[in-house]
Structures are given as C-alpha cells and as structure tokens.
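Reader: I've got a two-chain model open and I'd like to learn how to read it. Could you take me through it feature by feature?

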Amino acid sequence: MNIGFIIDALVTIIGVTTPILLAATGELVVEKSGVLNLGVEGMMLIGAVTGFAVTLNFGDSLGDWAPWVGIGAAALAGAASSMLFAFLVLSLGSNQVATGLALAIFGIGLSSLIGASYVGTVIAPFNQVFPDWLAEDPIGRVAFGHSPLVYFALIMVVAVGYFLNRTRAGLILRAVGENDISAHSIGYPVVAIRYAAVAFGGAMAGVGGSYFSMVITPMWAEQMTAGRGWIALALVVFSSWRAGRLLVGAYFFGILMTLELYAKASGFSFLPSQFWAAMPYIMAIVVLAVMSARDVAGSEAPACLGRPFMPNS
Amino acid sequence: MRIRLEKRLTPSRFMLVATPVASVLLTMALGAVIFELLGFDGPDAIYQTFITPIVAPYKWVDVLTKAAPLIIIALGLSLGNQAKIWNIGAEGQYVIGALAGAGVAFAMPQAAPGFVAVPAMIVAGIIGGMAWAAIPALLKTRFRVSEVLSTLMLVYVAMQVLNYLIGGPWKDPNGHNFPQTPPFSATQSLPNVIPGTVVPPGFVVAIALTLVFWVLASRSVYGFSVRTVGAAPSAARYGGFDAARTVWSTLMISGGMAGLAGILEAMSQLGQINLGFPSGYGFTAIIVSFLGRLHPVGVFLAGLILAVTYVGGQVAQTAVHVPEATAGIFQATMLFLILASDILVRYRLRLVRAAPRAATAGAPA
C-alpha cells in the first residue's frame, strides 16, 4: 500500500462525507429546537436539482460565479421547501413524522419533475478553490484539493457547535427544544425560533444535496442522493445531538461509503458488492442500537423533540 | 378581526370524513392551476389523471391491480399509526416477503401441485415480511431504537438483498444475463385477474382483509388497546396494555401484510422477481393510510383513489405529455393537505372581532 493510494482514499472519504455532514449539521439545529424534520432526503434533492439548474442556466452570463449562485439558490430552495413543513407542523400542529415523510416524498417528486429536462446534461464540476500548485500537490491535495463546500461544511459544524454551546442565542434555542412551555412563558417566541431553525436545516440540506449534482457527479439524475438524507438523520442520533461527535460520526460513515466504492471498483472483495452497498445502512442501524441503548434515561435527545406546541389554544 | 383556534372536546366526525374528500378535490384544483402555469392544458391533465381511469372500463383492471397492494399494506400500517408506531419501511418488508415466497418456490419441485405451492409461497411471503419487521421491533423493545429510522434503513438493505439474489444465486440461467429470477411455474402462479372478470386476486384479498381489519379495529379489545397506547400511553400502561407487546404486534401485522402484498404481486402480476419489482407501493401506502384516516374502510377508498392517480398519471403522460413525476407530486400534495386539515378535526375556528381590550379596561374593577 503506497502513499498515493492512501491520499486517494482520504480525498474520497472527505468527498463522500461532506453532503451528509452538511445536512446533518442543519438537522442538528432543527432537532435542538425540538422539531424532528424527516424530510431531509427531499430537501437535499430539491437543493440538488436547483443548484444544478441555476448553474447550468446562468453559466454563460455569470461565468465563474455561476456555481456560487447555484449553491445559494440550492440553499434558498431547501429553506423554501422546509417552510412548507414548518407551516404544517408549527402553525397547524400537524404530526411531525407524517409531515416530514410528506416532505421527503414531495421533494423526490418535485425534483424529478424539475430535473426531467436536465437528464444527460453536464456542467463543469464545482471543485478546487486553491491555486493549482497547492490543490494539485500530490500530498497537499488532501487539505487543499477540495470543493469550497468541503471547507464550508467543516466551518459550519464548528460554527454550529459554538453557536449552540457558547452563545446566548444558542442557549435560547436549546431552551426551546428542552422545554417549550417554560421558554414560552418567560417570553421567548418559541414558534418563530423553530421556524428559523427549520429554515436553517432546509438551507443546509439544500447545500448538501447540491454537492451531489455539482461536485460528485456534475449532472442531474433522479433520486441521486440515494438515501443519504436518511443517513444524515441517523447521524444526528449517533452524535447524541453534539456537534463534535457529529463530525466524527460523519467521517465514520464516510469511511464506510468509501469502502463500498473501493470494493466495487477493485473487485477484490470476497463479499458481494451489494454487501458493501448495504453496509452504511446496516452500520447506521447498529450504531443507533448502541447509542440508544447507552442513553438509558433518554436524556440526550432534546426533551421536546417531535412534540407539537400550540401556544394560542 | 382574527381567527382563533378553540380546541374541541372530541374530534369532529364530520371533519374526519369531509377533510380527506376536500383534500382530494383541492389537490385536483391546485394541480390544474399548476399545470396551466407550467404550460400544459391544466384541466385536461387533471381530467386524464383523476377521471379517465374511472370512466374508461379498460383501465379498471389497472386501477384494481394497483389498489390491491396499496390497500393491503396500508391496512397494516394504519394499525401501527394508531399506536403512533411508525413503520415507514413497508417497501422493504414487501420486497423481502416476495423474496421469501420466491425462495420457497425455487426450493420446491416444479411439479408440486398448486394447492401446495400457492399456500406455501403465500405463507412464506407473510413470514418474510414479518421477519424483516421483527428487526426494528426487537431494536425498539430491547434497545429503544426509533423505528422510524430503523425501518427505513432496512429498505435500503432489502434492495441490496434483492439485487444480490436476482443477480447472483437466483439469476435466471435463460434470462439473457438480465438480473431476474426464473419465472414461477404455472402451479406457482396466480392469474392476473380472476378469469372472466376485471378483478385481480390481490383485490379480493384486499376486500376480505378490509373487513377483517374493520372488525379488529372497532370490535376487539386489541383494536382498543392499540388506539389507547397511541392516544394516552400512561393511561394504557395503567390499564394494563403492554407497550412492548403493542410494538411487536403492530410491526408484525404491518410487516406480514406488506410481505403478503409482495408475494401476491410477484405471483399474479410479474410471475418472477426482477429489478423493477420494488415500485414504491410501501411508501405510497403511508399516504393511503393517512388519507384513509387510519380507518379500514377509509383506507380501502383511499387505496382506490391513489391507484387512480397512478394509472391516471400514465394516461396524462401520453395524452397531455406531463412528466412521469407528476403522480408523485399529486400524492405528496394530498398528504400535505390531509395533514394540514387535521387541525379542523381537532380545533374549531372562530372568527373573533377586534381585540376586546378596551372593553376589559373599561370594565368596573
């Protein structure tokens, strides 16, 4: 095993980890505010198709800026779709599990509808921000050879960790998630805070989705996120709702998904390739079992997670 | 003037029935507007999607064929949903059920008579679906793993099991290298439709099961215990209804139903298992369950409506050239609307005239 192989593997791991890290960081904030949005997969797909379409259509007029605008549009589209969920859940008090599922199904359908005319079209991949001498250095590319989204994901997970644990606003958000009635009674706008959290989660899922259509394979394919949105949800549970562990967990899943790619590509595997494809999901279940069993008192999850809150009735 | 919400003491029965109907109608209206905006003939697209499959007799077989698995799966899911136990992985149980039934068929001598082969395959299908649902049940009762995530993750695992079996050990040697199993023999199959009718065998099963679930849900202690666990967990515990038992029983029933739907589909429609077998019935059945208000008769009707949108979606594709994905959007819109309208069941909307603050201030202390 030579150094080139290890470098290749590391680059791949960082790549496949990024979208789930982005989506899970957003969902962490949503769940900390006491809302469970299961629609991550749908929001990611809406982000993926929007980012791709905007980059493609404005490629001529915006030039180098097109992908940045595309990412921004993906974030906006993700946030907009999450508002549909937020309105039902926060303003109408509908069931969060069912509404999140509806959002997932809706996102799959809407993204296929929008993307139908883009199938088979390719855009320039959105990678490498650093100059060539850094980004193409045989060793240095591990740190410098990535898409800007990779660095954005790392910055965001640190920022969210800081926000939740070290700022007043983060404390209020956690209070809303731990005890909505108390937070409401001392005057915090519980519903408004939750709307903001859900919008943030939607934007992050949208950006995470756009990583598939703009970086990994710079084209659109139906359901191209292939269930990674659900992995992101499991990742939040795995992290015990902590940003630091979220980062570790994301890379753990990234390694599993990379194993799948390598096993498929090399054909050296003594196990069928389908085993490796199923591996991240099997491991997600195992990890959920271990984490849930450890959390005996159920004290790690935000206390109000998934509970409707209707102050005006 | 503003709208105030007043909680009802008991859910409105009128709204319980009226809101699903309104949701379907509103979906049609919204759909017409959206298609018009997208540059299609909106009203025609809606007519083709929602009405053609009902008025054109040659589409009835298709509608009933699609309705059968949706109803069978959704009946099982509704029971769990009443207990707030969310099995969203019926698609996986559907796949594993069909594979289990197929496994029995391939292990059996081809000459085994139909009265042995057919029941054996069906029972294997039910057991296969149950076994796949037993994993989340065990994880939930032993390790308190959320069944929402575990059932869903297992869908992806089930897909890989399917891919592995049809591309490897069970691959049809005469299948021109396509990933598919050999066809079931004549004695291992069911007809597409009951001869001389437009009714597929699965639909007969769906009707029978609707009646069974109706009795189970409304006339049995078990049905009552499931509703109680969902509505008032602490009261249920006080009343001696065991939560773990409810988890197991609802997941076993919904898994078994999904497995049954899977093997019936394989035996009567495809005659083998191939890559196209998982077609999303397990997910659509979740919508059926909610649109039917978790009531067996409601589920039966909702299954027919969703089947109409499937068939009508294809009609609209050829007639009005709307994209394939439209059916999915209609289905999701219906689910959004039905969930949004829940508030009308639980709350009364009151129009309140200008804030009565002045009056209160002026009142004698």
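Author: Let's start at a loop: Ala226(A) sits in the loop between α11 and α12 (228-238) of chain A. Helices (H or I, at least four residues) and strands (E, at least two) are DSSP runs, numbered from the N terminus. Before going on, note that this is a predicted model, where local features need pLDDT of at least 70, side-chain atom pairs count only at pLDDT 80 or more, and totals for chains, interfaces and linings use all residues. Residues are numbered from 1 along each chain as its sequence is written, and chains are lettered from A and ligands numbered from 1 in the order in which they are written.

Reader: What is the phi of Ala226(A)?

Author: In general, most residues other than glycine have a negative phi. Ala226(A) is not a glycine, yet its phi is positive, about 50°. His176(B) also has a positive phi, near 50°, and is a residue other than glycine. You'll find His176(B) in the loop between α6 and α7 (201-219) of chain B.

Reader: Is His176(B) buried or exposed?

Author: You count neighbours: a residue is buried if 20 or more other C-beta atoms lie within 10 Å of its own, exposed if 12 or fewer, and partly exposed in between, with C-beta atoms placed from the backbone. His176(B) has 6 other C-beta atoms within 10 Å, so it is exposed. Ala226(A) has 13, which means it is partly exposed.

Reader: And which residues is Gln272(B) in contact with?

Author: Contact here means that the C-beta atoms of two residues, placed from the backbone, lie within 7 Å. Leaving aside neighbours within four places in sequence, Gln272(B) contacts Gln180(B), Thr181(B), Pro182(B), Pro183(B) and Phe184(B). Take Gln180(B): it is 92 residues from Gln272(B) in sequence, but the two C-alpha atoms are 7.3 Å apart. Gln272(B) itself lies in the loop between α10 (243-270) and α11 of chain B, and is partly exposed because 19 other C-beta atoms lie within 10 Å.

Reader: Zooming out, how many helices and strands are there in chain A?

Author: Chain A has 14 helices and 0 strands. Its radius of gyration (taken over C-alpha atoms) is 20 Å, close to the 20 Å that the globule rule (2.2 Å times the number of residues to the power 0.38) gives for 313 residues, so chain A is as compact as a globular protein of that length. Its C-alpha atoms fill a box of roughly 60 × 50 × 35 Å along the principal axes, and 50% of its 313 residues are buried.

Chain B has 15 helices and 2 strands. Its radius of gyration is 23 Å, close to the rule's 21 Å for 365 residues, so chain B too is as compact as a globular protein of its length. The box for the C-alpha atoms of chain B is roughly 95 × 55 × 35 Å along the principal axes.

Reader: Which spans of chain A does the "transmembrane region" annotation cover?

Author: That label comes from an unreviewed UniProt entry, and among the spans it covers in chain A are residues 6-30 and 101-123. Its positions are given in the numbering used here, feature names are shortened, and annotations may be inferred rather than shown by experiment. In the model, residues 6-30 of chain A are 100% helix and 0% strand, with end C-alpha atoms 36 Å apart. Residues 101-123 of chain A are 65% helix and 0% strand, and their end C-alpha atoms lie 31 Å apart.

Reader: How many residues of chain B touch chain A?

Author: There are 36 residues of chain B in contact with 39 residues of chain A. The largest share of chain B's side, 10 residues, comes from α6(B). Met153(B) touches Trp230(A), Ala234(A), Tyr281(A), Ala284(A) and Ile285(A), not counting residues up to four places away in sequence.

Reader: Where is pLDDT under 50 in chain B?

Author: pLDDT is the predictor's confidence in each residue, from 0 to 100. Where it is low, the predicted coordinates should not be read in detail. In chain B, pLDDT stays under 50 over residues 358-365, for which the model has 0 contacts beyond four places in sequence. Chain B as a whole averages 89, and 96% of its residues score at least 70. The model's overall scores are ipTM 0.88 and pTM 0.90.
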